[in-house]
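Thanks for coming. I will take one structure and walk through it piece by piece.

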Amino acid sequence: MTTTGRPSPALLPTLGGDYYTSAAVFAAEQRHVFESMWFCAVRAGDVGEPGQFKKVQVGRESVLVVRGRDRMLRAFLNVCRHRGALLCTQPEGRVRRNLRCPYHSWTYGLDGTLVAAPNLSALTEEGGAGIDRRDYGLVAVALREWLGYAWVCLAEDPPSFEDDVVGAAAHRLGDPRAIDAYRIDTLQVGHRVSYDVAANWKLIVENFMECYHCATIHPELTRLLPEFAGGRAAQSSVGHGAEFGSGVDGFTVDGSPGFPSLPGVGTGQERRYFAITVKPTVFINLVPDHVIFHRMFPLAPDRTVVECDWLYAPDVAATADLSRSAELFHRVNEQDFDACRRTQPAMSSRAYRAGGVLVPAEHHIAEFHRWVVSRLGAPIAPR
Ligand code: FES
Ligand SMILES: [Fe+2]
């Protein structure tokens, strides 16, 4: 506030604390964000073989992503059509031909069709006196593959994948083809860490979008990308990528050389770091020799699991020493998530009832806040 009591134009208001703590807000986000938009679920290579499956939480639903015998990936709600038992309880696995419910053994093919139900001899294809098995297959969920990940959408009428997902990356980079240069679908997971973060998912998004904190909490990253010391976020302007400092040989924890650039990386992408937010739950970090890909799984108002993949050219992932390369962003992640953990408890303080403020280097976060409010349908009044 200025001395006149009016907000300073340099400082924009944030969302109020309730947005980060309220069960009602989180329930509305589950419905209107995670269950309505395209949600990045699994790395396709993690379910590479027929019969392999992975279970993921998408909003309130448990979703199975399964590789079929025809090698197609499909997604289903993880709910038996008989009396509703969870079909798969383990987080991942592989079956030979079928998914069998552990309760009464209704059995589904990898394409979701009901293929057997014990002691129900009248089960038929055509109906008649029995039941028609086609009416009792697993409930399918929309699935698209992009960048080597399976993205699922629980909406009955999914939004345009091209606009909402591909378009977000194109808009950020200013060129629809820029991300294709990294051939992310061909890269291999060289390193993966799953972070259990005691913070609301929006704090993690907001933190990723700004670099006002970089000089304070990211000494290694700021040494590599000197412009971050000034607080400028790589995401605040279209097409901008932060340039490596002179004397920096690679995107590694100590600036030592990394690996050869990915084959398609062009001159405008050499020696630069690009960051992309694909709402609601994905961050993509592009550097010349690898890609760091974050998927968030918001589990509660104050708990988010973040799975981070470090993706490399297959020969590098298989044979190279990745430790100095992966250590850089692991430190960045720990530094960021510690900051988010430290912020979460204060969200329920009276001091934050009406929220805080965004300085000019953070003004682009206001757009994210407007987007959240518009998805939920109405602003939430401070308690
Ligand atoms: S609930 Fe699955 S077979 Fe009965
Ligand atoms: Fe950060």
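Start with glutamate 156, which is exposed, because its relative accessible area is 84% and anything over 50% counts as exposed. Glutamate 156 sits in the loop that runs between strand 11 (149-153) and helix 2 (161-173). Between glutamate 156 and alanine 361 there are 39 Å, C-alpha to C-alpha, and in sequence the two are 205 residues apart. Keep in mind throughout that this is a predicted model.

Next, the domains. The protein chain is split into domain 1 (38-147) and domain 2 (174-376). Their C-alpha centres are 34 Å apart. To the contact between them, domain 1 contributes 11 residues and domain 2 contributes 18 residues. How much area is buried between domain 1 and domain 2? The figure is about 1,100 Å², and carbon and sulfur atoms account for 64% of it. On the domain 1 side, Cys40, Arg43 and Leu147 supply 55% of the area that this domain buries against domain 2, more than any other three residues.

Take isoleucine 179 as a case. Which residues does isoleucine 179 contact, leaving aside its neighbours within four places in sequence? They are Trp146, Leu147, Ala169, Leu173, Ile184, Ile276, Ile284 and Leu286. Leu147 was also named among the residues that domain 1 buries against domain 2.

Last, the metal. The iron ion (ligand 2) is coordinated by NE2 of His213, NE2 of His218 and two OD atoms of Asp336, at 2.0 to 2.7 Å. Why is the arrangement called irregular? Because the angles that the four donor atoms subtend at the iron ion run from 53 to 144°, whereas a tetrahedral site would need all angles between 85 and 135 degrees. The spacing of the donor residues in sequence is H-x4-H-x117-D. Histidine 213, in the loop between helix 3 (201-209) and helix 4 (214-217), and aspartate 336, in helix 7 (residues 323-343), are 123 residues apart, and the pair links distant parts of the chain. Both histidine 213 and aspartate 336 are buried.

Note on methods. Residues numbered from 1 in each chain as written. Chains lettered and ligands numbered in written order. Predicted model: local features only at pLDDT ≥ 70, side-chain atom pairs only at ≥ 80, totals over all residues. Heavy atoms only, no water. Donors = N, O, S within 2.8 Å, 3.2 Å for Na, K, Ca; no water. Tetrahedral: all angles 85-135°; square planar, octahedral: opposite > 155°, others 65-115°. Helix = DSSP H or I, 4+ residues; strand = E, 2+ residues; numbered from the N terminus. Buried < 20%, exposed > 50% of the residue type's maximum accessible area, 1.4 Å probe, protein only. Contact = heavy atoms within 4.5 Å. Domains from an automatic or database assignment. Buried area = accessible area lost by both parts, 1.4 Å probe.
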